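Biologist: I'd like to go through this one with you. Can we start with how helix packing is described, then move on to other parts?

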Amino acid sequence: MPQKQPQKKLATGSADELLRAFKVKVTGNILWAGGLTELVLSIAQFLLGNYAQAGAILFAGIFFTAMAWFYHGQRIPIPVRVMFIGLLTVISVISIHENQTLGVYWTYPLLVACFFLFSGVLGIIAASSLTVIFGITSIYVMPTDDGWRIAVTLGIICVLGSVYVVLLSELQKILRKLVVTDTLTGLQNRHLVTAVLEDALHRFRRYKRPATVIMADLDHFKKINDTFGHLFGDQILKQVAERLQSVLRQSDQLFRVGGEEFLVVLPETTATDAHAVAQKLRALIAEHSFNGKDAKTDITISLGVAQLLEEQTWPEWLSAADNALLAAKQNGRNRVEVAQ
Ligand SMILES: Nc1nc2c(ncn2[C@@H]2O[C@H](COP(=O)(O)OP(=O)(O)OP(=O)(O)O)[C@@H](O)[C@H]2O)c(=O)[nH]1
């Protein structure tokens, strides 16, 4: 039985872009909200007669609002985010020192904001640092019951937030895998094809490294479905995927790009070598029968090979392989054709 090779790790293209755009929006909104809240708070402190605090908060408010406006719709650099948290931490520490318990209220939202402003481990590090700083300050300023209570509740929020971040990152990994995986065969689906082809194109243009694609399509698959049923057809597709994968190298990428259509991207491979690979794939499918739950059948596959050419775009490259596949079908199926 052919061995299935592990899938390679790759960026998820548009799924990652969506996530990045969402993060940009969230961090941008936090900066806006933080800046505007500071402006309002500075007025309140001014009216209460706390002029030094009002001045510090006003400075922070103007700075953050300006940053939010400046980086509107863009990724906010980490140093700016660190400044945001750092400045508010200093203000909170002063506030705890001046107002005791009343000053502690602002530490909780600030702690939670760390998890939104920084992703993954960075968020946990930022929140832990704040917990330590606010905890020590509270115990120092209010050494009896209050200080310890505050330190413990801050610690609990930090731990819960960290657990949530880890959970979220695991969930993100699973979702990323689901987005790029064909659920029937376990192969990569067409989601990553563009990224992989563009990468090959880049290597070709920059380092003159060859790359070739093989477009493969099962022959008369409709007949298999019609004769044995769709479930049997699914079993065949799974087995075909396993057989194809078993022949390929670790560096080759196999995709299921359509119902009974597969794409192989072979980096560092010329059309001559890819033709040999395609022949091997063809023979592997044609030479042994496929066993489903209640039936057994023979099947063949047609393949089109195209090496990336100078001045070709990736859609033109793919289209060349498609045309070669069409030629293979027209010339009798169960054969390999190479793009001219
Ligand atoms: N079982 C199963 N069948 C599928 C799946 N996706 C597509 N198909 C079937 O694949 C068949 C493709 O048929 P055609 O496009 O006519 O191609 P063909 O019969 O293989 O003929 P040629 O490609 O010309 O050799 C259709 O019957 C689809 O229903 C799937 O996920 N599972």
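Modeller: Axes are lines fitted to C-alpha atoms, for helices over the stretch in contact, and angles run from 0 to 180 degrees between N-to-C directions. Keep in mind that this is a predicted model.

Biologist: OK. At what angle do the axes of helix 9 and helix 10 cross?

Modeller: They cross at roughly 135 degrees, and the two axes come within 7 Å. Angles over 145 count as roughly antiparallel and 65 to 115 as roughly perpendicular, so helix 9 is oblique to helix 10.

Biologist: Which residues make the contact?

Modeller: Helix 9 contributes Phe-221, Ile-224, Asn-225 and Phe-228, while helix 10 contributes His-230, Phe-232, Gly-233 and Ile-236. Sorted by class, the contact has five nonpolar residues, three polar and no charged ones.

Biologist: Switching to the ligand. How many residues surround it?

Modeller: There are 16, and the closest are Asp-219, Phe-221, Lys-222, Gly-233 and Gly-259. Helix 10 supplies the largest share of that shell, four residues. Strand 1 (211-218), helix 9 (221-228) and helix 10 (230-247) each give at least two.

Biologist: Now the largest nonpolar core. Which members touch the most others?

Modeller: Val-213, Ile-214, Leu-303, Val-305, Ala-321 and Ala-324, out of 47 residues. Helix 12 (residues 314-330) provides the largest share of this core, seven residues.

Biologist: What about a second core?

Modeller: A separate one has 29 residues, including Ile-57, Phe-118, Leu-130 and Ile-150.

Methods
Residues numbered from 1 in each chain as written. Predicted model: local features only at pLDDT ≥ 70, side-chain atom pairs only at ≥ 80, totals over all residues. Core = buried A, V, L, I, M, F, W, Y, C linked by C-beta atoms within 7 Å. Buried ≥ 20, exposed ≤ 12 C-beta atoms within 10 Å, placed from the backbone. Near = placed C-beta within 6 Å. Parallel < 35°, antiparallel > 145°, perpendicular 65-115°, else oblique. Contact = placed C-beta atoms within 7 Å. Nonpolar A, V, L, I, M, F, W, Y, C, P; charged D, E, K, R; others polar.
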